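Subject: Handover of a structure, with notes

Dear colleague,

I am passing the structure below on to you, together with the notes I made while going through it. Please read the notes with the structure open beside them.

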Amino acid sequence: MAILCTKTKAVIPPLAGAMGGEVSHVDDLVEAERLLASDPLETLVVIGSDVDLTEALDFTSTQRLVRPALGVVLLREQLEVTVLALAIRAGVREVVPESDLDVLAESCLRSRDLSRFTPASVTIPAQQSIEGKVAVVFATKGGCGKTTTATNLAVCLHAGGANRVCLVDLDLAFGDVAISLQLTPVRTLVDAMAMDGQLDETGMSGLLTRYRQGLDCVLAPVEPGDSEQIPASLITNVLRVLRRMFDYVVIDTPPQFNEHVLAVLDEADHHILLTTPDVPTLKNLRLTIDMLDMLSYARDRRTIVLNREDPRVGLTAADVESVVKTNVAVRVPASLAVPASINRGVPITIEKADHPVSMAFREMAARILAGARHEPPATRRGLFGLRKWSG
Ligand SMILES: Nc1ncnc2c1ncn2[C@@H]1O[C@H](COP(=O)(O)OP(=O)(O)OP(=O)(O)O)[C@@H](O)[C@H]1O
Ligand SMILES: [Mg+2]
């Protein structure tokens, strides 16, 4: 069934009529993606003139890669040369004035014909073979920059759409990802509970909240009490499904070890451990590292990050290194631009890409992009391995 994406109710009947055959209507492109995921043979999406152009083009360029047989016909109120050029570059099949129903009908026919020449096998999404990497951002001290780091790291790994990234808010009781990115939590991790045991990519895509095309979030429950109902095994299942859907999964955490965090540490390829240049936080990092050593997590999975570095406060990266006996891999300077960007709800790496803080987050992302591939869970030794071993 062809898909028509528009929020303008009045135009649905005439547009659907011109498209021909059965038509499913969706309000936005996230919903369109969900429908497409459930029907790998669908070949036509018509995007209404009320849909934001950037979103429409992002959607099209992603679909062109993962589902080349899908034809996108873009409706605009007026045809402009610049829009046409951008649309062609993104892979839109035709741009049609919304008022011209005859032209729309012809475009839909042409697009369907073209899709017929594409072998059915290539319509199956390429994501099925993905084995994404998981990076968890952790510190046992509150307020040292975990959410700031996780959100900006996700943005840097996304690299303007080059990689598919999912940011998971595992601070289940007091998650800040939604507010940091100005997202409204409609579905959250709590909703995964109903699917536990049968969670798959289709179910998971219904729990995602889109930030940008190719950058989605799994948000924390809205009610703090809900977090207690979520079993750690569900978190593991969620991550295993997300790995198959995304190139990178970034996890924000609460400031304490709990069974959810341990499940994530077990599953993750990268442990990004934060400290700030103050003695109590540094002491906590030392204890965290001892704990991770005790649990036999591989040291080469670790990246130590000194956040809010400030020459005026006395503790330097060298001091940190001498206490934790590990190199500080990334140093993020202290800057008032960070809280200012959070208050505006736009990550600093988007708002001020050339800022030294943004450069540090990009350096962190580069380490992950250059990192080793994910090894199968069976070969890893984490908390649960240790429990078994110690009886
Ligand atoms: N490099 C930085 N320079 C200046 N301020 C920073 C920096 N990094 C984080 N902050 C500020 O520190 C505060 C706490 O940051 P954030 O919420 O990311 O920490 P957190 O570890 O997630 O906290 P919590 O444990 O409460 O979840 C925020 O006000 C943020 O703006
Ligand atoms: Mg936080």
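Predicted model: local features only at pLDDT ≥ 70, side-chain atom pairs only at ≥ 80, totals over all residues.

Residues are numbered from 1 along each chain as its sequence is written, chains are lettered from A and ligands numbered from 1 in the order in which they are written, and side-chain values use heavy atoms, with hydrogens and water left out.

I begin with helix H2. Helices (H or I, at least four residues) and strands (E, at least two) are DSSP runs, numbered from the N terminus. In H2, which spans residues 29-38, Leu29, Ala32, Glu33 and Leu36 are buried, where buried means under 20% relative accessible area, exposed over 50% and partly exposed in between, with a 1.4 Å probe and protein chains only. These residues lie on the same side of H2, because they cover an arc of only 100° around the axis, the arc being that of the directions from the helix axis to the C-beta atoms. Their cover includes strands E1 (2-5), E2 (23-26), E3 (44-47) and E8 (209-212), as well as helix H3 (53-66). At the start of H2, a side-chain oxygen of Asp28 comes to within 3.2 Å of the backbone nitrogen of Val30; a polar contact of this kind is a pair of N or O atoms within 3.5 Å, and within protein one must be able to donate a hydrogen and the other to accept it, with residues adjacent in sequence counting only if both atoms are side-chain atoms.

Two buried residues come next. Ser24 sits in strand E2 and is buried at a relative accessible area of 16%; leaving out residues up to four places away in sequence, Ser24 touches Met1, Ala2, Ile3, Leu4 and Leu35, contact meaning heavy atoms within 4.5 Å. Glu42, in the loop between H2 and E3, is buried at 7% relative accessibility. The side chain of Glu42 reaches the backbone nitrogen of Met1 at 2.7 Å, and a polar atom of that side chain lies 3.3 Å from the backbone nitrogen of Ala2. Glu42 and Ile3 are 39 residues apart in sequence, yet their C-alpha atoms are 8.4 Å apart in space.

On the surface, Leu79, Leu84 and Ile88 form a nonpolar patch with about 270 Å² of accessible area together. Patches are made of residues with over 30% relative accessible area and no salt bridge, like charges being joined within 9 Å and nonpolar side chains (Val, Leu, Ile, Met, Phe, Trp, Tyr) within 5 Å, and the areas come from the Shrake-Rupley method with a 1.4 Å probe, only the protein chains shown counting as cover for residues.

Finally, the whole structure holds 16 salt bridges, each a side-chain nitrogen of Lys or Arg within 4 Å of a carboxyl oxygen of Asp or Glu. One of them joins Glu31 and Arg34 (3.0 Å, N to O), which are three residues apart in helix H2 and therefore separated by about one helical turn. Another joins Arg240 and Glu267, with their closest N and O atoms 3.1 Å apart. Arg240 lies in helix H9 (residues 232-245) and Glu267 in helix H10 (residues 259-267), so the pair ties together parts that are 27 residues apart in sequence. Arg240 is partly exposed at 37%, whereas Glu267 is buried at 3%.

Best regards
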